[in-house]
Amino acid sequence: DFQTKSFTLRLSRQGQTLSVLAPAKLNLSLTVLGRRPDGYHNLETVMLSVRLYDSLQFSQAESNSIELDCRNRCRPRLPLANDERNLVIRAARLLQAETGCTRGVKISLTKRIPMEAGLGGGSSDAAATLVALNQFWELGLSQAQLHSLAAQLGSDVNFFLDSAPAAFCTGRGEAIEPVPVAQPLHFMIVKPPFGLSTGKVFQQWWIDRSTSRIEQQAALRALARGDVRRVGQAIINDLQRPAQSLNGQLDEVLNELAKADVPGYGMTGSGSACFALCRDARQAAVLAGRWRQRGLGQVFAVSSGV
Ligand code: C5P
């Protein structure tokens, strides 16, 4: 097995193939501080990786081209872009531009992390691609160099490059400070049938503007102590109201979650996926079983960590 600082990856060399697992994330708290001159928004957010994975395989190409073959295991099974619209391709091209490398690669991507969900799937795939191709093409870039490329690809990519399962993220989300987590947390995630565009949700924030006063440090202390009840109380997301304005169907999911007897619930990132923080793995499994009957979307029971 290839050792990497990045927790996103489990790389195994089978002949000339590198296999990689790229996890999803949840935002336990997300405060929008305001808009920046570059059009992005400054944030404070606590992110946690969860055991729901896309998988990627990197193998030798016949030519020097970059080929991406996608399999979508999410519902609905829409075709995925295998060109520049896909962050995997953008990450590979950025590495080539940065290093002058002209080698090719065949990438096979299996998506299990729902898209337009706020679960960070595309960003995680991009981080996985940076680390894997750095190895596969023997580029020798340092972790710091990879972080600088990650920030060019998207605001969440740096989180996935880091080894810590949880981080306090600031700036537009790319400045990460790893934080300790005493024990794995257990979640039920529900991804409604519709997705939300991150850009549009941030635009809507400008209309439904709110900046929560919650002290994010409370969430961090509770995580470090393993105090699930307090972590639940600290769940907040300033993008939730704008997301609800953009798609009223989100109300139904959140209203149903409010009835669940769980330590906390909320929306992740810019949505549309929502989650319940559960007391333990058993509660997450039972809740997921019930929610699968409801037809409100795709349901997962997952724990945090890698
Ligand atoms: O950084 P990323 O490409 O993932 O962001 C997608 C879009 O979300 C950006 O183009 C921007 O409109 C918005 N965004 C923002 N502030 C952030 C992160 C994202 O306005 N901190």
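Visitor: Hi! In which sense do strand E8 and E12 pair, and over how many bridges?
Guide: Strand E8 (residues 186–191) and E12 pair in the antiparallel sense, over six bridges. Strands are DSSP runs of E with at least two residues, helices are runs of H or I with at least four, and both are numbered from the N terminus. Two strands pair if DSSP finds at least two bridges between them. This is a predicted model: local features need pLDDT of at least 70, side-chain atom pairs count only at pLDDT 80 or more, and totals for chains, interfaces and linings use all residues. Residues are numbered from 1 along each chain as its sequence is written.

Visitor: What stands opposite Met-188?
Guide: Ala-301 in E12 does.

Visitor: And which order do the strands of that open sheet take?
Guide: The order is E10-E11-E8-E12, four strands with antiparallel pairing. Strand E10 (264–267) and strand E12 (298–303) are at the edges with a single partner strand each, so one side of each has no neighbour in the sheet.

Visitor: Which strands does helix H10 lie across?
Guide: Helix H10 (residues 281–292) lies across E8, E11 and E12, at about 20 degrees to E8. Here contact means C-beta atoms, placed from the backbone, within 7 Å. Axes are lines fitted to C-alpha atoms, for helices over the stretch in contact, with angles from 0 to 180 degrees between N-to-C directions.

Visitor: New topic: what are the domains?
Guide: Domain 1 is 12–178 and domain 2 is 186–303, with bounds from an automatic or database domain assignment. Their contact takes 26 residues from domain 1 and 34 residues from domain 2.

Methods:
Contact = placed C-beta atoms within 7 Å.
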